[in-house]
Structures are given as C-alpha cells and as structure tokens.
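My entries follow in the order I made them.

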Amino acid sequence: MSIQNKQLKVLVIVPSWHYYADPVKHQPFWELYYATHLREAGYEVEVVDLRIAESDSFEDMTKSIVEADFYFYWIFKTGDALEIYSIVKILKKRFPKSIHAAGGTHVDKTPEDAKKHLDAIVIGPGEKSFLNIIEDTLKNNLSEVYASNYSEIPFSETLIPQRDFLPKELVVNNKLFTGYADVPGTLTYFSRGCIYRCSYCTYNVPNALQVRTPRQIKDEISYLKDRYAIKGILVKDEVAINPNKKICTETLNALQESDIIWRGQTTTLATLDQLKHAADSGCLELAIGVETADENVMKIIDKTWQDQKQILDFAENARKVGIKIKVCLILGLPGEPRDIVKKTINLLEELNPNFASVSGFLPVPGSPIANNPKKFGIKKIDNNWHKYSHLLFRFADNEEVGLPFEYDTSENSINVFSRQEIIENIIEVQKWLKDREMVY
Ligand code: SF4
C-alpha cells in the first residue's frame with residue numbers, strides 16, 4: 001500500500017450508551033483497542049465519542065462528525081445496534097463514498113440483519129479484519145463479511161489500547177471507585193470471553209478465556225499510572241479470577257507487583273486461596289453473578305455449576321479476606337415462582353453483601369433463550385433494540401427501557417408473571433436495596 005493510501009481517514013465511533021444514567025463513568029475499551037491497531041498499521045485514526053453528545057436526536061448527534069473514508073463501530077451491546085445503524089444511514093447520506101463496518105457480539109449473533117445496515121461486517125475479533133476491510137476497499141474488492149477466529153488471534157499477543165484518542169476526562173474519573181475515597185480510575189480488560197454458557201448471556205464471546213500475559217498487564221498498568229496517574233482499575237473481564245490456577249496466580253502476581261487497587265467481576269467458583277491472593281493483589285471488591293434465588297431457575301438458565309451453598313461460601317470467604325462483594329441479580333428470568341421477591345430478599349439477607357444490583361431479564365439476540373423463546377415460555381419478543389437494556393429503576397424511577405418481551409402465563413406455562421408484574425417485582429427489590437444503601 002502506498003503512503004498516500006495510508007493517509008486515509010478512519011473514524012471509530014463510540015455510541016451514546018443511552019441506557020446508562022452516566023455514560024462517561026465507564027470507558028470505551030474496545031473502540032480504543034481497535035483504533036490502536038489501526039493507528040499502529042499507519043492509518044490516521046480518530047475516535048468520536050458520542051457519550052458526550054448533548055442531544056438524543058441521531059441527526060444532531062452526528063452533526064459534528066467530519067468526513068472520513070472509513071467509519072468503524074464495535075457493537076458490544078444490542079442496545080447500541082439501532083443507534084449505530086441510524087448513524088450509518090445518516091453518514092452514508094452525507095458522505096456517500098464512505099465505508100461503514102462493524103463487529104462485536106451483537107454483529108456476531110445477528111450477521112444477516114447487520115449486513116443490511118453496513119458495507120461490511122466483522123465476525124469474530126477485529127484485529128485483522130478492520131485492516132483487511134481498508135485494504136480490500138483500496139483494491140476495489142470489498143467483501144460483505146470479514147470473519148476470523150478468536151483461536152487464531154490470542155488476546156495475549158495484541159496491543160495495549162492507547163487512551164490518547166480521547167481527552168483525559170473521558171479516560172479517567174473518580175466515579176469508578178465511589179465510596180473508596182478519591183481514586184482516579186479507568187476500565188480495562190485482562191481477558192476476553194468466558195468458558196460458560198448461561199442461557200441468557202452473549203458475553204461469552206469467545207467461548208474461551210483469552211488472557212493477557214503478566215508482562216502486558218504490568219505494561220498497561222504502568223502506562224496508565226505514568227500517563228494518567230491512575231490509582232484504581234475496574235477489571236471488566238467476565239471472569240477476573242481465572243479458574244485455571246496457574247493463569248490466576250500469574251495474573252494476580254502481575255497486579256500485585258503493579259501496586260494498584262482494583263475491582264472486578266468473577267464467578268462464585270473462586271476459592272478461598274484465590275480470593276486471599278486477589279486481596280493481596282489490591283482487589284477491593286468483586287461482583288458475582290448470583291442471578292437468581294431460585295434453584296430451579298438456576299437450572300433453567302444453565303448455571304447449575306453454582307448453587308446457594310457455593311454462593312454463601314464465596315461470600316463468607318470474600319468477607320474473611322476483606323473483599324467487598326456486589327451481588328448481581330436478574331428478575332424476570334424464565335420459571336420464576338410466585339414468591340421470587342420473598343426468596344430474593346431472604347437470600348440477600350443471608351448473604352449480606354456490601355452492594356447489590358438488580359437487572360431485568362433481557363432476551364438478547366443470539367443467547368440460547370432468545371434463540372428458542374418457546375422452550376422458555378416466551379410468547380413475544382420486541383425487536384426494538386433501542387429498548388434493550390437491563391437497567392431498570394436503579395438510578396431513577398422513570399428508568400424503564402428494558403423487558404422487551406412477554407411470557408406466556410397460561411395454565412401449563414413455566415411462567416407466572418406478566419411484564420407489569422415483573423416490573424413491580426423489580427421495583428420492590430430495588431426499593432429494598434435503596435433503603436439499605438446497597439445500590440451504586
Ligand atoms: S453470565 Fe457470566 S458466567 Fe455466564 S456465560 Fe455469561 S459471562 Fe459467562
């Protein structure tokens with residue numbers, strides 16, 4: 001490719017994350033990650049951050065976006081899909097020669113629909129695919145689909161996302177460690193994917209745990225400390241305490257040697273020894289996906305690798321080593337019994353976590369439940385993806401964009417709750433948590 005070609009302009013767009021009460025609290029890791037790969041290959045790349053857009057109107061939001069040759073997107077959450085497709089439409093009209101391509105979990109799971117909105121789609125990781133899209137366009141040979149396999153692109157051998165694409169205030173803030181004094185923090189991933197297959201989930205892409213090497217972990221933290229004076233990290237990995245003992249030890253050693261505090265999320269399979277090591281490495285808090293207080297629902301959602309004894313043991317072990325826990329629950333899952341609210345509150349009382357969050361169940365496209373709704377007693381799914389959020393009534397009483405489905409509640413159905421009743425259940429548990437100051 002000639003130098004001239006390398007002077008092409010590439011914009012990576014971060015959507016508004018409209019479903020969050022505070023979209024700038026978390027940082028757009030994947031957009032920065034792929035922008036870094038493109039810049040490393042020699043292209044002129046900018047990241048456009050719509051999280052700070054002042055209007056909800058897609059037309060207004062996109063007014064300040066300048067002309068570029070390529071616009072790339074990473075649709076990690078279904079809730080972003082309609083916004084991104086609308087932006088593509090507007091920008092295509094304004095800049096007809098521009099090429100628009102997206103990857104991400106939502107695209108992986110709904111390729112046929114994604115193709116209708118984009119010039120090219122990326123299936124699997126995007127490290128090579130976005131570059132191939134540029135190169136093929138220049139050869140007048142753009143394909144519709146760019147697929148690569150996660151097993152061919154280990155996360156351990158890729159670049160550390162550079163944060164200088166965004167102003168400092170969008171990279172670092174003190175909100176990620178609210179309640180822990182003044183901790184400038186940012187978000188990162190030290191692994192991608194998950195080995196489990198919970199039936200409501202699509203975050204297990206890839207269905208394996210690809211990890212960063214200890215060297216990379218230390219280099220990234222060192223970069224964040226030197227450049228942004230970061231003192232705390234939100235480790236956004238789906239499973240921060242790796243079930244593989246050797247990897248777990250190496251990762252936690254790297255964190256410990258980096259002298260940083262961190263919080264993250266993990267499974268309840270973490271052992272006392274692992275939790276002790278996590279505490280020694282600077283871990284202050286772990287979120288765990290308890291999901292439901294009902295053992296039958298736990299089976300329905302294919303999470304039989306955890307039961308209430310294990311959850312209670314984890315909580316006790318975390319307390320022993322001084323790690324705070326945040327319990328994540330979902331209400332509205334298939335098969336919930338009439339007394340789910342009572343059961344949930346009983347479990348919360350028994351667990352006595354420091355924090356808890358309640359989400360509304362979301363039949364995310366591509367998840368086993370959304371792929372086979374009848375089996376789970378769902379009679380109707382609303383495909384308006386703009387409504388796809390699981391955060392309901394957590395931060396505001398009018399925060400209600402989720403539950404885009406309706407159960408069959410007839411006599412032989414496994415489900416008993418209407419959409420309205422699920423809403424009422426969520427409000428009741430949210431109120432219980434708010435009264436005890438367990439929500440943040
Ligand atoms: S819910 Fe968590 S543990 Fe289950 S598949 Fe998804 S990422 Fe993995």
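**Ligand shell.** I listed the residues around the ligand first. They are Cys-194, Tyr-196, Arg-197, Cys-198, Tyr-200, Cys-201, Asn-204, Glu-238, Lys-303 and Trp-305. I then sorted this shell by class: 6 residues are nonpolar, 1 is polar and 3 are charged. I keep in mind that the model is predicted.

**Cavities.** I searched the whole structure and found 4 cavities of 30 Å³ or more. Which residues lie closest to its centre? I noted Trp-30, Phe-76, Arg-192, Gly-193 and Val-205, out of 15 lining residues. By class, the lining of this largest cavity has 8 nonpolar, 4 polar and 3 charged residues. I also checked which elements contribute. Helix α2 and strand β8 (191-192) each supply at least two residues of that lining.

**Ring pairs.** Next I ran the aromatic search over the whole structure, and 22 pairs came back. I looked at two of them in detail.

How do the rings of Trp-17 and Tyr-20 meet, stacked or edge-to-face? Their centres are 5.8 Å apart and their planes stand at 80°, so I logged the pair as edge-to-face; the cut-off for that class is over 60 degrees. Trp-17 has 10% relative accessibility, so I count Trp-17 as buried. The limit for buried is under 20%.

The second pair is Trp-30 with Tyr-33. Here the ring centres lie 5.4 Å apart and the planes are at 85°, so this pair is edge-to-face. Both residues sit in helix α2 (residues 29-40). They are 3 residues apart there, so about one helical turn separates Trp-30 from Tyr-33. Are they buried or exposed? Trp-30 is at 8% relative accessibility and therefore counts as buried. Tyr-33 is buried too, with a relative accessible area of 0%.

I cross-checked Trp-30 against the cavity entry: Trp-30 is one of the lining residues closest to the centre of the largest cavity.

**Charges over rings.** Last, I looked for arginines over ring faces. Arg-212 lies over the face of Phe-155, at 4.1 Å from the ring centre. Arg-39 lies over the face of Phe-165, with 4.0 Å to the ring centre.

Notes. Residues numbered from 1 in each chain as written. Predicted model: local features only at pLDDT ≥ 70, side-chain atom pairs only at ≥ 80, totals over all residues. Heavy atoms only, no water. Phe/Tyr/Trp six-rings, centres within 6.5 Å; stacked < 30°, edge-to-face > 60°. Buried < 20%, exposed > 50% of the residue type's maximum accessible area, 1.4 Å probe, protein only. Helix = DSSP H or I, 4+ residues; strand = E, 2+ residues; numbered from the N terminus. Lys NZ or Arg CZ within 6 Å of the ring centre and 35° of its normal. Near = heavy atom within 4 Å. Nonpolar A, V, L, I, M, F, W, Y, C, P; charged D, E, K, R; others polar. 1 Å grid on protein atoms, 1.4 Å probe; cavity = no way out; pocket = protein on both sides within 12 Å on 5 of 7 lines; lining within 4 Å. Points joined across faces, edges and corners; volume = space filled by probe spheres on them.
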